[in-house]
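Please look through the sequence and the model shown below before reading the notes that follow them.

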Amino acid sequence: MQKALDEYMLRMIQRNADDWDYRIEADAINIIATGFKAQEIRSYVGCKDNITRDSLTATYNEYLLKLQELNIVYLGMNLNRYDRYKMLKQSFDILFPNAVSIKDDIDVNRIQANKQKLLDEVKEKVQGAA
């Protein structure tokens, strides 16, 4: 996904992606799959290092892998960040309609609110840049 993001950034804004760009993409994918950024996920699952995926179930790693694959396609289609994330959320909801939260005590409404917040924030930034 890093290579696809680099190529997208070069095509669209004539610069390489940097660590900030990579973190934004990773956080977006984590939010769409789980409702939370990696840092929050680590605290929920008791991860002691920054390798969040090693602490997740195979099911959640499948979700993240599928979202990365789709993001590579959407980057190749030159979709802006808002349109990519919107498509990723829609795709996730279609592919994994019965996805459950990473912990039983997490409010599903909070997860949905976090996903919508991501889309709203990115939409505002994209519209502001236009």
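The briefing below goes from the overall fold to the pocket, the aromatic rings, the side-chain contacts and the loops.

This is a predicted model, in which local features need pLDDT of at least 70 and side-chain atom pairs count only at pLDDT 80 or more, while totals for chains, interfaces and linings use all residues. Residues are numbered from 1 along each chain as its sequence is written, and side-chain values use heavy atoms, with hydrogens and water left out.

**Overall fold**

- The protein chain has six helices and zero strands, where helices (H or I, at least four residues) and strands (E, at least two) are DSSP runs numbered from the N terminus.
- Read along the sequence, this gives the pattern α-α-α-α-α-α.
- Of the 130 residues in the protein chain, 38% are buried; here buried means under 20% relative accessible area, exposed means over 50%, and partly exposed lies in between, with a 1.4 Å probe and protein chains only.
- Ala-33, which is found in helix H2, is buried because its relative accessible area is 3%.
- The C-alpha atoms of Ala-33 and Leu-64 are 6.4 Å apart in space, although the two residues are 31 residues apart in sequence.
- Asp-120 lies in helix H6 and is partly exposed, with a relative accessible area of 42%.
- Asp-120 and Tyr-82 are 38 residues apart in sequence, and their C-alpha atoms are 8.5 Å apart in space.

**The largest pocket**

- The largest pocket holds about 740 Å³ of space.
- On a 1 Å grid over the protein atoms alone, a pocket is an open set of points where a 1.4 Å probe fits, with protein on both sides within 12 Å along at least five of seven lines, and lining residues have an atom within 4 Å of a point.
- Grid points are joined across faces, edges and corners, and the volume is the space filled by probe spheres set on the points.
- The largest pocket is lined by 28 residues, of which Ile-24, Arg-81, Tyr-85, Val-122 and Lys-125 are the closest to its centre.
- The elements that give two or more residues to this lining are helix H1 (2-13), helix H2 (19-34), helix H5 (81-95) and helix H6 (108-129).
- Helix H6 gives the most to the lining, with nine residues.
- By residue type, the lining divides into 14 nonpolar, three polar and eleven charged residues, where Ala, Val, Leu, Ile, Met, Phe, Trp, Tyr, Cys and Pro count as nonpolar, Asp, Glu, Lys and Arg as charged, and the others, Gly among them, as polar.

**Aromatic rings**

- The structure holds four aromatic pairs; rings of Phe, Tyr and Trp (its six-membered ring) pair if their centres lie within 6.5 Å, and planes under 30 degrees apart count as stacked, over 60 as edge-to-face and the rest as tilted.
- One of these pairs is formed by Tyr-60 and Tyr-63, which are edge-to-face at 4.7 Å centre to centre, with 80° between the planes.
- Tyr-60 and Tyr-63 are separated by about one helical turn, because they are three residues apart in helix H4 (residues 58-76).
- Tyr-60 counts as buried at 5% relative accessibility, and Tyr-63 is buried with a relative accessible area of 7%.
- The ring centres of Phe-92 and Phe-96 are 5.2 Å apart and their planes are at 50°, so this pair is tilted.
- Both Phe-92 and Phe-96 are buried.
- Ring pairs link Tyr-60, Tyr-63, Phe-92 and Phe-96 into a cluster.

**Charged side chains**

- Arg-84 lies over the face of Tyr-8, at 4.9 Å from the ring centre; a charge sits over a ring if NZ of Lys or CZ of Arg is within 6 Å of the ring centre and within 35 degrees of the ring normal.
- Lys-89 has its place in helix H5 and counts as buried, at 15% relative accessibility.
- The side chain of Lys-89 makes a polar contact of 2.8 Å with the side chain of Asp-93.
- A polar contact is a pair of N or O atoms within 3.5 Å; within protein, one must be able to donate a hydrogen and the other to accept it, and residues adjacent in sequence count only if both atoms are side-chain atoms.

**Loop residues with positive phi**

- Most residues other than glycine have a negative phi.
- Gln-14, in the loop between H1 and H2, has a positive phi of about 55° although it is not a glycine.
- Gln-14 is exposed, with a relative accessible area of 60%.
- Asn-78, found in the loop between H4 and H5, is a residue other than glycine with a positive phi, near 60°.
- Asn-78 is partly exposed, with a relative accessible area of 32%.
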